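Here is a friendly walk through a structure, told as questions and answers. Keep the viewer open while you read along.

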Amino acid sequence: MTVAGEALQTNITTLGPLVLPMSEQLLFLATLIAKKLQKMKVKPYVPDFKLAFEHFCIHTGRRGVLDELEKNLNLSKWDMEPSRMTLYRFGNTSSSSLCIQML
């Protein structure tokens with residue numbers, strides 16, 4: 001889980017500025033500034049990637065991974081359905097996969 005979380009964080013950090021609307025980038029930046037420079041106790045802002053992508057199909061390593069990603073990225077059951085059905089139909093794919101359809 002730790003390695004998967006670190007890899008996801010790296011990928012999102014790289015991908016975010018390229019695909020997220022400016023409003024989401026500004027919210028993230030404001031939260032980061034408040035936390036770092038103002039030393040405020042603020043919960044980190046998680047950008048809404050649903051504004052950039054229509055569909056997600058997250059790596060189907062196991063149910064626990066999907067549950068954590070759903071919770072941490074604030075995804076709905078609807079957003080997670082493709083990943084859960086892939087896990088159900090094909091099992092643990094044992095390799096990272098990310099299918100994205102741009103809006």
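This is a predicted model: local features need pLDDT of at least 70, side-chain atom pairs count only at pLDDT 80 or more; totals for chains, interfaces and linings use all residues.

Q: How far does α2 reach from its first C-alpha to its last?
A: Helix α2 runs over residues 22-36 and has 15 residues. At 1.5 Å a residue, the expected figure is close to what the model gives. From first C-alpha to last, α2 reaches 21 Å.

Q: What is the area of the nonpolar surface patch that includes F28?
A: F28 is found in helix α2, and its relative accessible area of 39% makes it partly exposed. The patch is made by M22, L26, F28, L29, L32, I33 and L37. Its area is about 670 Å².

Q: Where is I12 found, and which residues does I12 contact beyond its neighbours within four places in sequence?
A: I12 is found in helix α1, residues 2-19, and at 25% relative accessibility it counts as partly exposed. The C-alpha atoms of I12 and P47 are separated by 9.6 Å, though the two are 35 residues apart along the chain. Leaving aside the neighbours within four places, I12 is in contact with P17, F49 and L73.

Q: What is the N to O distance in the salt bridge between K71 and E68?
A: K71 and E68 are three residues apart in helix α3, residues 63-72, so about one helical turn separates them. In general, residues three or four places apart point the same way because an α-helix has 3.6 residues a turn. K71 is exposed at 52% relative accessibility, while E68 is partly exposed at 30%. Their side chains meet in a salt bridge with an N to O distance of 3.7 Å.

Q: Is E70 buried or exposed?
A: The side chains of E70 and K77 meet in a salt bridge, N to O at 3.3 Å. K77 is exposed, with a relative accessible area of 61%. E70 has 11% relative accessibility, so it counts as buried.

Q: How far apart are the closest N and O atoms of R84 and E70?
A: R84 counts as partly exposed at 24% relative accessibility. R84 forms a salt bridge with E70; the pair links distant parts of the chain, with R84 in helix α4 (residues 77-90) and E70 in helix α3, 14 residues apart. The closest N and O atoms are 2.6 Å apart.

Q: Which residues are linked in a network of salt bridges?
A: The model's count comes to five salt bridges. E70 meets K77 in one of them, and R84 forms one with E70. The linked residues are D67, E70, K77 and R84.

Key
Residues are numbered from 1 along each chain as its sequence is written. Side-chain values use heavy atoms; hydrogens and water are left out. A salt bridge is a side-chain nitrogen of Lys or Arg within 4 Å of a carboxyl oxygen of Asp or Glu. Helices (H or I, at least four residues) and strands (E, at least two) are DSSP runs, numbered from the N terminus. Buried means under 20% relative accessible area, exposed over 50%, partly exposed in between (1.4 Å probe, protein chains only). Contact means heavy atoms within 4.5 Å. Patches are made of residues with over 30% relative accessible area and no salt bridge: like charges are joined within 9 Å, nonpolar side chains (Val, Leu, Ile, Met, Phe, Trp, Tyr) within 5 Å. Accessible areas come from the Shrake-Rupley method with a 1.4 Å probe; for residues, only the protein chains shown count as cover. The expected span of a helix is 1.5 Å times one less than its number of residues.
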